[in-house]
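Colleague: I would like to learn how to read helix packing and salt bridges in a model. Can we work through one case together?

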Amino acid sequence: MILGLFESAEQRRKDARDLRDMFEKYGDDLIEILQARSEDTKLRDRDRKHWSRLLRKARSQYS
């Protein structure tokens with residue numbers, strides 16, 4: 001993943017931990033949950049970008 005080159009190692013570890021925890025909680029619905037959060041206009045732009053980043057990573061790991 002090219003965008004991952006610009007992330008710190010700590011950010012990659014945190015995202016991996018978050019995705020693992022979310023997968024345990026939501027299972028196969030994880031992608032749909034992240035998709036909904038990344039498109040939720042009630043959230044701040046920064047939060048939607050966070051969920052979009054996790055969505056990209058989840059798609060590459062869990063699809």
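Colleague: Are Arg53 and Asp15 buried or exposed?

Modeller: Buried means under 20% relative accessible area, exposed over 50%, and partly exposed in between, with a 1.4 Å probe and protein chains only. Arg53 and Asp15 are both buried. The model is predicted, so local features need pLDDT of at least 70, side-chain atom pairs count only at pLDDT 80 or more, and totals for chains, interfaces and linings use all residues. Residues are numbered from 1 along each chain as its sequence is written, and side-chain values use heavy atoms, leaving out hydrogens and water.

Colleague: What does Arg53 form with Asp15?

Modeller: A salt bridge, that is, a side-chain nitrogen of Lys or Arg within 4 Å of a carboxyl oxygen of Asp or Glu. Here the closest N and O atoms are 2.8 Å apart. The pair links distant parts of the chain: Arg53 sits in helix H3 and Asp15 in helix H1, 38 residues apart. Helices are DSSP runs (H or I, at least four residues), and strands (E) need at least two; both are numbered from the N terminus.

Colleague: Which residues join Arg53 and Asp15 in one network?

Modeller: Glu7 and Lys57, through salt bridges that share partners. Glu7 pairs with Arg53, with closest N and O atoms 3.9 Å apart. Glu7 lies in the segment before helix H1 (9-26), 46 residues from Arg53. Glu7 is buried, as is Arg53.

Colleague: How many salt bridges does a search of the whole structure find?

Modeller: Eight. One of them joins Arg13 and Glu10, at 2.9 Å between the closest N and O atoms. Both lie in helix H1, three residues apart, about one turn of the helix. Arg13 counts as partly exposed because its relative accessibility is 49%. Glu10, at 46%, also counts as partly exposed.

Colleague: At what angle do the axes of H2 and H3 cross?

Modeller: Axes are lines fitted to C-alpha atoms, for helices over the stretch in contact, and angles run from 0 to 180 degrees between N-to-C directions. Under 35 degrees counts as roughly parallel, over 145 as roughly antiparallel, 65 to 115 as roughly perpendicular, and the rest as oblique. H2 (residues 30-39) and H3 (residues 45-62) cross at roughly 155 degrees, their axes coming within 8 Å. The two are therefore roughly antiparallel.

Colleague: Which residues of H2 meet H3?

Modeller: Contact means heavy atoms within 4.5 Å. Leu30, Ile31, Leu34, Gln35, Arg37, Ser38 and Glu39 in H2 meet residues of H3, including Trp51, Leu55 and Tyr62.
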